[in-house]
Amino acid sequence: MAEEKLVVIKQANITNNCPECFNQDLSLSFYQKHSYGKFVHKITNEVTHKITCNTCNSDIYPVNWTDDIERIFEYYQKMAIPEKKSVKYTPLFYILLLSLVALIGGSIYLYLEGFIQF
């Protein structure tokens with residue numbers, strides 16, 4: 001089973017008022033989803049965000065955003081540039097692929113030489 005991680009691509013401290021406690025200590029984070037498997041490492045296009053108050057430790061959901069928070073969010077959203085969607089194969093994948101090719105090549109060679117009869 002593939003392990004999924006959210007990798008931080010942009011993090012910023014913003015000085016807008018928290019809708020819960022009215023302090024000016026918020027942090028905004030953008031995350032990109034990465035999937036790690038035994039044979040492949042995938043980077044997806046899925047980008048998520050989270051605004052947290054550092055004083056009261058509450059998450060600020062879009063329903064509670066003020067106009068100022070929304071403007072700041074849109075500004076930082078343009079600055080958060082995710083990595084391109086890609087697939088990278090692990091060394092285990094290449095080892096198994098080369099072993100399979102060598103096994104097939106060896107069995108064809110032995111068949112042509114007459115050592116193996118099907």
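1. Contact, as used in this note, means heavy atoms within 4.5 Å. The model is predicted, so that local features need pLDDT of at least 70 and side-chain atom pairs count only at pLDDT 80 or more, while totals for chains, interfaces and linings use all residues. Residues are numbered from 1 along each chain as its sequence is written, and side-chain values use heavy atoms, with hydrogens and water left out.

2. Thr52 belongs to strand E3, which covers residues 40-53; helices (H or I, at least four residues) and strands (E, at least two) are DSSP runs, numbered from the N terminus. Leaving aside residues up to four places away in sequence, Thr52 touches Asp25, Leu26, Ser27, Asn57, Ser58 and Asp59. With Asp59 there is also a polar contact, side chain to side chain, at 3.3 Å; the term denotes a pair of N or O atoms within 3.5 Å, where within protein one must be able to donate a hydrogen and the other to accept it, and residues adjacent in sequence count only if both atoms are side-chain atoms. The relative accessibility of Thr52 is 17%, and the residue therefore counts as buried (buried is under 20% relative accessible area, exposed over 50%, partly exposed in between, with a 1.4 Å probe and protein chains only).

3. How many disulfides does the structure hold? The structure holds 0, a disulfide being a pair of cysteine sulfur atoms within 2.5 Å. For Cys21 the closest cysteine sulfur is that of Cys53, at 3.6 Å, which is too far for a bond; for Cys53 the closest is that of Cys56, at 3.5 Å, again too far for a bond.

4. The surroundings of these cysteines deserve a remark. Cys21 is placed in the loop between strand E1 (3-14) and strand E2 (26-36), and its contacts, not counting residues up to four places away in sequence, are Cys53, Thr55 and Cys56. Cys21 is partly exposed at 27% relative accessibility, whereas Cys53 is buried at 0%. The C-alpha atoms of Cys21 and Asn57, which stand 36 residues apart along the chain, are separated by 9.9 Å.

5. A search of the whole structure gives 6 aromatic pairs, in which rings of Phe, Tyr and Trp (its six-membered ring) have centres within 6.5 Å, with planes under 30 degrees apart counted as stacked, over 60 as edge-to-face and the rest as tilted. Tyr75 and Tyr76 are edge-to-face because their ring centres are 5.2 Å apart and their planes lie at 75°. Phe93 and Tyr94 also form an edge-to-face pair, at 5.6 Å centre to centre and 75° between the planes. Phe30, Trp65 and Phe73 form one aromatic cluster.

6. Helix H2 (residues 91-113) has 23 residues and reaches 33 Å from its first C-alpha to its last, close to the 33 Å expected at 1.5 Å a residue; the expected span is 1.5 Å times one less than the number of residues. Just after H2, Gly114 takes a positive phi of about 95°.
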